[in-house]
Amino acid sequence: MKVTIVHGQSHKGSTYHLARLLAEKLGGEITEFFLPKDFDKFCVGCTRCFMESETQCPHYEKLLPITRSIDESDVIILASPVYVYHATGSMKAFLDHYGWRWLVHRPEEKMFSKQAVCISTAAGAGMKSTNKDMADSAFWWGVGKIYRFGAAVNETSWERVKDKKKRAYDDKLSVLARKITKKNGRVKPSLKTITFFNIMGIMQRNGFNPADAEYWKEKGWTGKKRPWKKKNKF
């Protein structure tokens, strides 16, 4: 199993430790990226990724190593501590660069068979809204199965988190890891994802955006083909 972790911060605090713990429980190959160290650009709103091609984004090359790792992974972990009840600015800036991959534009077909985990921690509250920031993007990418894990650690340092809490998180992550492992290779998108995909397919038949419409037609998605259906073997 291949796992890619995108950390919404560059320091190794509580969120880092929980994300890393889950990845290690899943086993296999782990690749990590730290924001903003590994990607520090802001979307400039040029819309070239939508209207022309993602390769026309001024930050395409810098983002490419993360994109490739995500595409090659079975599990994507998006991890962010709570900053004013939301994901970090670095995580938001990173996610902004994948608008072209949303279902309404040009989703990557590999996403429909992947699993994603959104992990957030806070000294107090805000995990729900922070995980939603990340889960929204994962859903619109078409990720087949999305999990959310929030932890109120009641501390600003992992070293000061009580051992009892750490053991509880360890147990919960063990359960989550087993669920993910069990579904690996057998992921199917939710009814909600399928519904939105089909709606987007209807829109693309009418040429919603030339670059997007051509992409959908080449994939055969404006017809009966679907990215989550395996081809028949004869």
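A cavity, on a 1 Å grid over the protein atoms alone, is a set of points where a 1.4 Å probe fits but cannot get out, and its lining residues have an atom within 4 Å of a point. I worked from a predicted model, in which local features need pLDDT of at least 70, side-chain atom pairs count only at pLDDT 80 or more, and totals for chains, interfaces and linings use all residues. Residues are numbered from 1 along each chain as its sequence is written, and side-chain values use heavy atoms, with hydrogens and water left out.

**Entry 1: cavities**

I searched the whole structure and found two cavities of 30 Å³ or more. A volume here is the space filled by probe spheres set on the grid points, which are joined across faces, edges and corners.

I took the second largest cavity to begin with; its volume is about 60 Å³. Its lining consists of Cys-49, Glu-54, Cys-57, Tyr-60, Leu-63, Leu-64, Thr-67, His-97 and Trp-100. Helix H3 (residues 60-72) gives the largest share, four residues. I took helices (H or I, at least four residues) and strands (E, at least two) as DSSP runs, numbered from the N terminus. By class I noted six nonpolar, two polar and one charged residues. For the classes, Ala, Val, Leu, Ile, Met, Phe, Trp, Tyr, Cys and Pro count as nonpolar, Asp, Glu, Lys and Arg as charged, and the others, Gly among them, as polar.

The largest cavity holds about 90 Å³. Among its lining residues are Cys-43, Cys-46, Cys-49, Cys-57, His-59, Asp-96 and His-97. The class count is six nonpolar, four polar and one charged.

**Entry 2: cysteines**

I looked for disulfides (pairs of cysteine sulfur atoms within 2.5 Å) and found zero. For Cys-43, the nearest cysteine sulfur is that of Cys-49, 6.5 Å away.

Cys-43 is partly exposed at 46%, and Cys-46 is partly exposed at 35%.

**Entry 3: sheet**

I traced an open sheet of five strands, paired in parallel, in the order S2-S1-S3-S4-S5. Strands S2 (29-34) and S5 (145-152) are the edges, each pairing on one side only. Two strands pair if DSSP finds at least two bridges between them. Strand S3 (residues 75-81) runs parallel to strand S4 (residues 115-122), with seven bridges joining them. Pro-81 lies opposite Thr-121 in S4.

Notes:
1 Å grid on protein atoms, 1.4 Å probe; cavity = no way out; pocket = protein on both sides within 12 Å on 5 of 7 lines; lining within 4 Å. Buried < 20%, exposed > 50% of the residue type's maximum accessible area, 1.4 Å probe, protein only.
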